[in-house]
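This briefing sets out selected side-chain and strand features of the structure shown below.

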Amino acid sequence: MKKQPGPVQIVNVCKEEHSFALDTEALAQVLLAPEVRDKHVVVLSVAGAFRKGKSFLLDFMLRYMYRKDDDNWLGEDDEPLTGFSWRGGSEPETTGIQLWSEVFPVQRSDGSEVAVVLMDTQGAFDNESTVKDCATIFALSTMTSSIQIYNLSQNIQEDDLQQLQLFTEYGRLAMDEIFLKPFQSLMFLIRDWSFPYEYTYGFNGGNDFLDKRLQVKDAQHEELQTVREHIHSCFTKISCFLLPHPGLKVATNPAFEGQLKEVAPEFKEQLRSLIPKLLHPDNLAEKEINGNKVTCMGLLEFFKAYIKIYQGEDLPQPKTMLMATAEANNLAAVAAAKDLYYKNMEKICGGDLPYVAPESLEEKNQFFCREAVHTFSSTKKMGGQEFCDRYRAQLESELEEMWQSYSKHNESKNLFNAFRTPAVLFVLVCFLYVLSGVLLFVGLSTFALVCDCTLGVVMMAMLTWAFIRYSGRYRHVGGAIDQAAGVVLEQVRRSHGHAN
């Protein structure tokens with residue numbers, strides 16, 4: 001007995017860990033059905049904020065796909081609306097990503113046949129989803145769909161465009177090299193449109209309204225221009241449909257189950273205009289990636305590849321505008337504090353300034369560090385104390401690194417340090433020469449020979465050190481000679497100390 005079609009969960013959400021998992025088996029059952037697996041696929045997805053009627057709209061699309069040969073495909077007045085799970089109220093219903101279990105083969109006017117997949121997505125901006133959760137769901141649906149419906153309420157506001165920019169950029173980051181526009185068709189669906197006297201319901205009024213909203217003007221702020229240019233650069237086709245409010249009975253009746261008798265006439269009229277045009281065989285855009293058409297079987301592989309990317313750590317974490325601003329604010333304060341420390345230390349020991357006694361330099365460093373930290377702390381910053389403390393710790397760590405650098409730079413100016421190695425080697429040569437003569441004089445020729453050999457090694461070391469300093473080559477050998485000279489000098493100091 002054939003199983004009744006219904007929604008299939010293909011991307012599951014773990015709300016506690018804010019992670020996503022692809023149900024490969026469930027997805028394969030939908031896309032690898034023998035009658036559609038090798039057909040080019042059309043994926044129609046609806047995405048947007050939660051509780052804005054995405055599943056409600058998709059169920060009318062399902063009704064059309066099953067009854068498109070019937071003039072009364074919208075249904076009877078008392079018929080409940082079934083399909084993807086939906087309900088009234090303020091709490092979210094859909095989680096993750098769902099596909100309708102039945103893929104619809106559709107024949108086009110040129111005789112070719114495509115497979116139509118309907119996709120429902122979790123609503124964005126609920127009280128349990130992070131910005132990353134919302135960005136991942138929207139990006140995944142946009143990357144895998146050929147027609148993305150961006151479901152909005154009442155108007156296109158600037159924050160709607162900014163969120164679209166963030167989500168599409170998050171999707172573009174996850175894709176390999178893209179030589180064409182990364183995504184295909186985007187349709188703004190404005191629900192509950194209240195200004196038909198300005199722009200009429202439907203595609204004509206919607207496209208005129210969208211042209212005005214996405215227009216790039218010279219007088220606009222650069223930020224507003226960037227958002228619009230980004231959206232135009234991401235999609236090959238952008239359109240808009242203005243849909244009226246379905247009526248107060250739909251919005252306020254908890255017992256409403258989708259019966260058309262309670263839906264406003266103008267809403268039903270616009271549905272009869274929207275859905276047949278959207279799902280007309282010749283308007284269905286096949287899914288393409290880099291200009292190559294994708295089959296149902298190929299779409300399964302792309303889902304697997306994309307979900308792996310979002311499960312990894314390669315992509316940057318998208319942030320709220322507050323967090324991004326707070327981060328930039330704190331980083332600017334860190335940079336200002338470091339710049340103050342740098343300028344103060346440069347006046348004391350920077351560049352060609354003479355050598356400073358280590359104790360005096362250490363004292364100056366501590367004073368300038370306190371001054372830099374005070375500058376950071378006194379700067380007005382966003383994000384709260386705990387957030388700012390992380391950047392204060394970062395500042396202190398970077399100041400310590402700068403101090404180590406200045407300390408080494410100062411030591412390099414000490415003339416004794418600069419000539420320490422040749423001085424030690426020269427003294428060793430003189431000492432070994434005298435010792436060899438004394439040992440030869442008293443008849444200890446074997447020991448004198450050892451001294452002469454050691455003297456030869458030390459002289460070779462001195463000549464090698466001079467060559468390295470002149471040429472800049474074999475620096476690791478020069479470092480070893482410096483280290484050996486330091487050990488000899490330290491042993492002499494200790495012996496002198498014990499003698500005293």
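Ten salt bridges are found in a search of the whole structure; a salt bridge here is a side-chain nitrogen of Lys or Arg within 4 Å of a carboxyl oxygen of Asp or Glu. The model is predicted, and local features need pLDDT of at least 70, side-chain atom pairs count only at pLDDT 80 or more, while totals for chains, interfaces and linings use all residues. Residues are numbered from 1 along each chain as its sequence is written, and side-chain values use heavy atoms, with hydrogens and water left out.

**Salt bridges**

- E158 and R228 form a salt bridge in which the closest N and O atoms are 2.8 Å apart.
- Because E158 lies in helix α4 (residues 158-174) and R228 in helix α6 (residues 222-234), this pair ties together parts that are 70 residues apart in sequence. Helices (H or I, at least four residues) and strands (E, at least two) are DSSP runs, numbered from the N terminus.
- R228 is buried, with a relative accessible area of 5%, whereas E158 is partly exposed at 25%. Buried means under 20% relative accessible area, exposed over 50%, and partly exposed in between (1.4 Å probe, protein chains only).
- Apart from neighbours within four places in sequence, R228 is in contact (heavy atoms within 4.5 Å) with E158, L161, R213, L214, Q215, V216 and Q220.
- A further salt bridge joins the side chains of K293 and E286, at 3.3 Å from N to O. K293 counts as partly exposed at 45% relative accessibility, and E286 is buried, with a relative accessible area of 12%.
- E398 forms a salt bridge with K338, where the closest N and O atoms are 2.9 Å apart. This pair links distant parts of the chain, with E398 in helix α12 (residues 385-412) and K338 in helix α10 (residues 321-349), 60 residues apart.
- K338 is partly exposed, its relative accessible area being 27%.
- A network of salt bridges links R63, R67 and E79.

**Aromatic pairs**

- The whole structure contains twelve aromatic pairs. Rings of Phe, Tyr and Trp (its six-membered ring) pair if their centres lie within 6.5 Å; planes under 30 degrees apart count as stacked, over 60 as edge-to-face and the rest as tilted.
- The ring centres of W193 and F209 are 4.9 Å apart and the planes stand at 55 degrees, so this pair is tilted.
- The W193–F209 pair links distant parts of the chain: W193 is in the loop between β8 (183-191) and α5 (203-213), and F209 is in helix α5, 16 residues apart.
- W193 counts as buried at 3% relative accessibility, and F209 is buried with a relative accessible area of 3%.
- F195 and Y197 make an edge-to-face pair, 6.2 Å centre to centre with 90 degrees between the planes. F195 is partly exposed at 29% relative accessible area, while Y197 is exposed at 64%.
- W193, F195, Y197, Y199 and F209 are linked into a cluster by ring pairs.

**Strand pairing around β4**

- Strand β4 (residues 97-100) is covered on both faces: I97 and L99 on one side, and Q98 and W100 on the other, are all buried.
- In a regular strand the side chains alternate between the two faces of the sheet.
- Strand β1 (residues 7-14) runs antiparallel to β4 and is joined to β4 by four bridges; two strands pair if DSSP finds at least two bridges between them. Within this pairing, P7 stands opposite W100.
- Strand β6 (residues 113-121) also pairs with β4 in the antiparallel sense, over three bridges.

**Nonpolar cores**

- A nonpolar core is a set of buried Ala, Val, Leu, Ile, Met, Phe, Trp, Tyr and Cys residues joined through side-chain atoms within 4.5 Å.
- The largest such core has 58 residues, and those with the most contacts inside it are I10, L27, L31, I156, F188 and I190.
- Not counting residues up to four places away in sequence, I10 touches A21, L22, D23, L27, I97, L99 and F303.
- A second, separate core has 40 residues, including V46, V263, L271 and I275.
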